[in-house]
Amino acid sequence: CAVLVHHPPRPLCDDPDCQITEATPVLDVLERHADVRLVLSGHLHRGFTRIEGGICWIGAPSTCMQVDHPRHTHTSEPPAAHLLELGDDGSVLVSTLHG
């Protein structure tokens, strides 16, 4: 099961603009269901991938400009996007395409 959300429930920094309100109940639901293997999000203008609690958390990079967290400064990195390959075994392969 993959869940797609706009703001990441596990943000890259403590800035309120980088998080959802009341993230704890959302995280509780996601982590309580073993079927959830992948959470995809955007909004941060920064790509990231990490595995925590048996869930792969992937944030999309910006197709406009990348932002360095927690300073919130624009970087010189080009626009980008993630291409995901979802395997039948639940594996996730992430490739980053740069513009």
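## Basis

Residues are numbered from 1 along each chain as its sequence is written. In this predicted model, local features need pLDDT of at least 70, side-chain atom pairs count only at pLDDT 80 or more, totals for chains, interfaces and linings use all residues, and side-chain values use heavy atoms, with hydrogens and water left out.

## Overall fold

The protein chain has 1 helix and 8 strands (DSSP runs: helices H or I, at least four residues; strands E, at least two; numbered from the N terminus). Their order from the N terminus is β-α-β-β-β-β-β-β-β.

The C-alpha trace spans about 40 × 30 × 15 Å along its principal axes. Of the 99 residues, 27% are buried (under 20% relative accessible area; exposed is over 50%, partly exposed in between; 1.4 Å probe, protein chains only).

## Nonpolar core

The largest nonpolar core has 11 residues: Cys13, Cys18, Ala23, Leu27, Leu30, Val36, Val39, Leu44, Phe48, Ile55 and Trp57. Such a core is a set of buried Ala, Val, Leu, Ile, Met, Phe, Trp, Tyr and Cys residues joined through side-chain atoms within 4.5 Å. Helix H1 (23-32) and strand S4 (55-59) each supply at least two of its residues. H1 gives the most, with 3.

Beyond neighbours within four places in sequence, Ile55 is in contact (heavy atoms within 4.5 Å) with Leu30, Glu31, Val36, Arg37, Leu38, Val39 and Arg50.

## His45

His45 sits in the loop between strand S2 (38-41) and strand S3 (48-52). It counts as partly exposed because its relative accessibility is 34%.

Leaving aside neighbours within four places in sequence, His45 contacts Ser62, Met65, Gln66 and Val67. A polar atom of the His45 side chain lies 3.1 Å from the backbone oxygen of Met65.

Terms used: Polar contact = N/O pair within 3.5 Å; in protein donor to acceptor, adjacent residues only side chain to side chain.
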